[in-house]
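Here are a few notes to read alongside the model. Have it open while you go through the points.

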Amino acid sequence: MAPKPSFKESVWVKPSPTLYFTNIPTDTNALAELEAHVSKLEGFQPPMRTAKGGAIAFADFASTQEATTAMHNCYGLSICEMDQQGGIRISYDKDDNAAKRQEKEEEKAKNLAHSLCDRYHCKIC
């Protein structure tokens, strides 16, 4: 019988417009190289956010499709000769902050449109 995966390995993260990078070495310029590469990808919305002293990073994209394309583009990327360290890990951000911000902006625009319709007695809404 195959060993059961740990909880972390068995969790599936829903695709989102935000990518999550981990295992970034902090004693090299790997973060700068990664940011230089990601900033050239279509749909990237700067700035790239970091945490834990640069060991993890988040990159927002305009859409989930562009984030997925960027993720595939980053597979096999050679940064600071990290092959001995297991490489940088990439996944979708499980908290999906970019999607939450987009939902808030859409809700705000919707509320504004309804308030204008109410003010001017619009029959469209």
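Is asparagine 23 buried, partly exposed or exposed? Asparagine 23 is partly exposed, because its relative accessible area is 28% (buried means under 20%, exposed over 50%, and partly exposed in between, with a 1.4 Å probe and protein chains only).

Some ground rules. This is a predicted model, where local features need pLDDT of at least 70, side-chain atom pairs count only at pLDDT 80 or more, and totals for chains, interfaces and linings use all residues. Residues are numbered from 1 along each chain as its sequence is written, and side-chain values use heavy atoms, with hydrogens and water left out.

1. Back to asparagine 23: phi is positive there, about 65°, although the residue is not a glycine. Asparagine 23 sits in the loop between β1 (18–22) and α2 (30–38) (helices, H or I, have at least four residues and strands, E, at least two; both are DSSP runs numbered from the N terminus).

2. Lysine 52 also isn't a glycine, and has a positive phi near 55°. You'll find lysine 52 in the loop between β2 and β3 (56–61). Lysine 52 counts as exposed because its relative accessibility is 70%.

3. Check the peptide bond from proline 46 to proline 47: it is cis, with omega near 0°. Proline 47 belongs to strand β2 (residues 44–51).

4. Threonine 68 is part of helix α3 (residues 64–74), and its 18% relative accessibility is why it counts as buried. Its side chain makes a polar contact with the side chain of tyrosine 92, at 2.6 Å (a pair of N or O atoms within 3.5 Å; within protein, one must be able to donate a hydrogen and the other to accept it, and residues adjacent in sequence count only if both atoms are side-chain atoms).
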